[in-house]
Amino acid sequence: MPPPTSPVLVTKIKVQLKLAIARLRMVQKRDEALAKTQRRAMAQLLEQNKVDSARIRVENIIRSDIITELHEILELYCELLLARAGLLEASPTCDPGLEEAVKSIIYAAPKTEIKELQTVRTLLAEKFGKEFVLQATENSDGKVSEGVVKKLSVTPPKEELVQGYLEEIARAYGVDWPKGKNKELGDPPDFMDDDDDENPSGGQAQRVLEEPLVGVDEEAAAELMAQEDLSKATPPRSFGPAIPLHVNPPSASTDNIHPKVTLNRQELTTPTKKPAAVTRKPSEQKGDGVPDLDELAKRFAQLKR
């Protein structure tokens, strides 16, 4: 039988959850900065053709990414408990809507470096009892998140995962590894017609209009001329959406090293947008945004009027 719920205990849990969320985000930023340095070192090893050394050291990067993904999951569970804190006060037993989050935090807290999570685990144990904590620690009922259990399992990475990491690092830093994989496939075939005529009708409509109109009144002739002018007109650039529709691929993870977006079994690529050129006024070009004396004199003259 769990002990009765105390409002003070729930308040302590909420405070520690906020501290745990802040610490998890800080640790994630730190690990991301370290991962960039490690990836750069891996690229240098691949460039020097030290593949064996790179294969061993890349396992540290894989493990670091797995821990980062675990911290993201635990952060979401902490936010869930914080948003549903009212359910913690409502009953001394664990609500079914909180059971997975509570048991996942209790299961993962001792295996992480986040001290605030361990404090949350202690407070949850005080609220729900020792039997509940023992059940969550052993995961006897299978309520702990499968992703948390998988991230905390100590198993060596698969060969396909190691190879995928090395290929992605080489591609990101412009290293030709494996040799010849990033080799250009040659120029694309030219499917453009040799005809330089810009008229989409092939000039047939123009020839028809140039021929004398026999048996056609002036109104019909004017309508034909208007259609021909409309076919030659160029649509304005502001017509339609300013940016083409595109779908960003999901971020890479240990479960999906090569994220792609496909449509009808064809990979879609995100178009690169060139930065717009910044035009400056002549007055700004002279003095970095400071107008000249003539312009100031004109402004004062207008104010006096």
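Which residues lie nearest the centre of the largest pocket? The legends below take this up after an overview.

**Figure 1. Overview of the predicted model.** The model is predicted, so local features need pLDDT of at least 70 and side-chain atom pairs count only at pLDDT 80 or more, while totals for chains, interfaces and linings use all residues. Residues are numbered from 1 along each chain as its sequence is written, and side-chain values use heavy atoms, with hydrogens and water left out. The protein has 12 helices and 2 strands. Helices (H or I, at least four residues) and strands (E, at least two) are DSSP runs, numbered from the N terminus. The order along the sequence is α-α-α-α-α-α-α-α-α-α-β-β-α-α. Of the 305 residues, 28% are buried (under 20% relative accessible area; exposed is over 50%, partly exposed in between; 1.4 Å probe, protein chains only).

**Figure 2. The largest pocket.** Ala35, Arg39, Asp65, Tyr165 and Ala252 lie nearest the pocket centre, among 21 lining residues. α1 (7-47), α2 (51-83) and α8 (159-172) each give two or more residues to the lining. The pocket holds about 540 Å³ of space. A pocket is an open set of points on a 1 Å grid over the protein atoms alone, where a 1.4 Å probe fits, with protein on both sides within 12 Å along at least five of seven lines; lining residues have an atom within 4 Å of a point. Points are joined across faces, edges and corners, and the volume is the space filled by probe spheres set on them. By class, the lining has 7 nonpolar, 5 polar and 9 charged residues. Ala, Val, Leu, Ile, Met, Phe, Trp, Tyr, Cys and Pro count as nonpolar; Asp, Glu, Lys and Arg as charged; the others, Gly among them, as polar.

**Figure 3. The largest nonpolar core.** This core has 35 residues, and Cys78, Val102, Leu117 and Val148 have the most contacts inside it. A nonpolar core is a set of buried Ala, Val, Leu, Ile, Met, Phe, Trp, Tyr and Cys residues joined through side-chain atoms within 4.5 Å. α1 gives the largest share, 8 residues. Apart from this core lies another, of 19 residues, including Leu45, Val58, Val162 and Ala170.

**Figure 4. Close-up of Val102.** Val102 touches Leu81, Cys94, Leu124, Phe128 and Phe132, leaving aside residues up to four places away in sequence. Contact means heavy atoms within 4.5 Å.

**Figure 5. Close-up of Glu138.** Glu138 sits in helix α6 (residues 130-138). Glu138 is exposed, at a relative accessible area of 56%. Tyr107 is 31 residues from Glu138 in sequence, and 7.8 Å away in space, C-alpha to C-alpha.
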